[in-house]
Amino acid sequence: MMYLTALLPFILTIGPTAASSILFSNGTIIGFKKGTSDTPDSLEVIRNGDVLVTNDRITGIFSGPAPTSNVPNGTERIDITDKIISTGFVDTHKHGWQTAFKTLGSNTTLAEYFLRYGEFATEGLLTPDDVYYGQLAGIYEALNSGVTTILDHAHHTWSNETSEAGLKASIDSGGRIFWSYAFHHIKNFTVEEQFANFKDLAQKAEFEGSSTSLGIAYDNFGPNPDVEEVKTVMDLAKEFNISTVTTHTLGGPWGYDNSPESLQTLGYLNNSASHGPAIIFSHASYITATSATLLRQTNQHISITPESEMHYGHGHPVSHLIQDQASLGIDTHFTYSGDILSQARLWLQATRRLLHQQVLDRWHVPSANPFSVNQAFLLATRNGGAALHRPDIGVLAVGAKADLIVWDGTAPSMLGWRDPVAAVILHANVGDIQHVLVDGKFRKKDFKLVDENYETVKSKFLESAARIQEAMMDPDRIVGDLEGSFMSGFEYERPLRVDVERGDGDGYGRVFLD
């Protein structure tokens with residue numbers, strides 16, 4: 001029997017002579033059921049089912065063996081007995097080029113990040129080759145972990161050459177990358193030159209025919225924007241039919257506004273909801289009730305980056321209140337986990353702790369769990385597609401993009417599972433991922449990345465990383481104690497340091513970078 005959940009605008013009718021098809025058979029399917037006027041969207045599990053992929057789309061989901069008449073001649077058949085098949089994860093905020101900094105920022109803060117690792121502090125440090133191999137290695141890390149879609153805030157746009165290198169790496173990766181060109185005020189590459197470079201890349205359209213597309217990143221929407229510059233940025237989005245615009249927003253003591261209110265005042269939020277690009281507000285740590293209302297009215301989204309916001313100290317005190325207009329991101333993968341599964345798990349448990357504590361603080365006992373594994377799974381998948389205004393991404397449904405993960409249900413961490421959603425969200429790890437597909441093509445197969453040149457890429461990246469890390473250890477690049485005030489005008493304060501040792505000393509130690 002065919003499982004008929006479908007995304008009608010994206011359905012393709014493909015007959016038995018289709019050029020490329022794969023049948024995953026006899027597995028447990030974490031499917032997506034589109035709601036109706038009377039019922040909400042939901043996950044739906046099918047056991048011992050088949051999934052048919054034809055070219056870049058899911059063309060059949062069956063609650064038993066797929067009828068022969070539905071399977072094209074020459075279809076590759078893969079037995080997934082005792083395995084789980086799900087949609088791929090969606091990362092709505094990442095800086096892919098920063099891979100070479102890995103382990104340098106293990107104890108860093110956001111204030112130090114701006115001064116040492118960010119787009120302004122590292123201008124001139126990376127060559128185009130460094131950007132290419134760092135971006136490619138970062139995307140490969142993501143693909144290995146089942147992240148099939150990435151919204152990349154590409155602020156390595158320091159020159160025509162570094163910009164083109166990051167875009168080319170994205171294309172070459174085979175991932176679904178919304179590579180978003182960052183317009184920013186840096187020293188040696190004017191915004192006007194960036195506009196010209198962007199136009200050139202858009203007109204060349206070397207990404208056409210790939211799973212990479214062009215987006216825009218811009219962090220100067222407010223509170224005191226250059227209105228003409230903003231207009232130029234958004235006119236470019238319109239001229240080249242850009243589907244995504246992304247911006248960092250923090251608020252609170254951090255400043256760094258770029259809030260939904262700012263874009264609404266400029267006249268771009270409602271416009272985007274009706275026929276313009278999806279706008280993703282990264283972090284939105286101190287989002288206001290007014291902003292939340294605007295997001296719901298205009299169907300725009302925030303990207304919560306749980307581990308980043310804990311690690312750096314952004315905070316996310318009210319993000320749990322706007323999860324209906326939220327997705328998940330990773331941010332700077334060089335400092336911590338590079339997979340969305342970890343972000344979903346961290347966010348699930350941190351939010352549970354927060355909401356349980358509110359009850360306990362009233363001297364009551366929690367009588368229910370406030371956040372389910374299904375909700376965490378949706379945040380990591382379907383909500384990412386929704387943030388990008390792409391209902392065919394982040395769901396396993398007929399007509400959706402064939403971005404898939406096959407999990408080894410017999411792996412030690414998953415052995416004994418009954419609920420496949422709980423198995424993935426609470427028990428699985430990256431090592432349990434057997435296959436990853438993007439656009440119906442294997443990007444990881446039988447636990448290994450699919451790239452015949454991977455050893456060369458790895459070698460080139462390690463050479464690049466060694467040189468960059470050595471340069472980053474120059475005393476002139478080391479940030480000392482932060483005193484006085486942050487750039488927002490709010491004063492620094494040292495948090496209470498944890499003590500893990502009995503007696504003298506606290507165990508904090510040093511970083512081992514020599």
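This is a predicted model: local features need pLDDT of at least 70, side-chain atom pairs count only at pLDDT 80 or more; totals for chains, interfaces and linings use all residues.

Helices (H or I, at least four residues) and strands (E, at least two) are DSSP runs, numbered from the N terminus. I looked up Thr148 and found it in strand β7, residues 147-154.

Residues are numbered from 1 along each chain as its sequence is written, and side-chain values use heavy atoms, with hydrogens and water left out.

**Entry: Thr148**

Is Thr148 buried or exposed? I read a relative accessible area of 1%, so Thr148 is buried (under 20% is buried, over 50% exposed, partly exposed in between; 1.4 Å probe, protein chains only). I then listed its contacts, meaning heavy atoms within 4.5 Å. Leaving aside neighbours within four places in sequence, Thr148 touches residues including Gly88, Phe89, Asp403 and Val436. Gly222 is 74 residues from Thr148 along the chain, and their C-alpha atoms are separated by 32 Å.

**Entry: the sheet**

I traced an open sheet of 8 strands in the order β6-β7-β8-β9-β10-β11-β12-β13, with parallel pairing. Two strands pair if DSSP finds at least two bridges between them. β6 (89-94) and β13 (326-328) stand at the edges with a single partner strand each, so one side of each lacks a neighbour in the sheet. On average, neighbouring strands are turned by 25° against each other, direction ignored. β12 (residues 301-304) pairs with β13 in the parallel sense over 3 bridges. Ser303 stands opposite Ser327 in β13.

**Entry: helix α4**

α4 packs on the sheet, where it touches β8 (176-183) and β9 (212-218). The direction of α4 makes about 155° with that of β8. Axes are lines fitted to C-alpha atoms, for helices over the stretch in contact; angles run from 0 to 180 degrees between N-to-C directions.

Next I checked α4 (residues 191-204) against α5 (residues 227-239): the angle is about 5°, with the axes 11 Å apart. That makes α4 roughly parallel to α5 (under 35 degrees is roughly parallel, over 145 roughly antiparallel, 65 to 115 roughly perpendicular, the rest oblique). Val191, Phe195, Phe198 and Lys199 in α4 meet Glu229, Thr232, Val233 and Leu236 in α5.

**Entry: whole chain**

I counted 14 helices and 17 strands in the chain. Of its 514 residues, 54% count as buried. The C-alpha trace spans about 70 × 60 × 50 Å along its principal axes.
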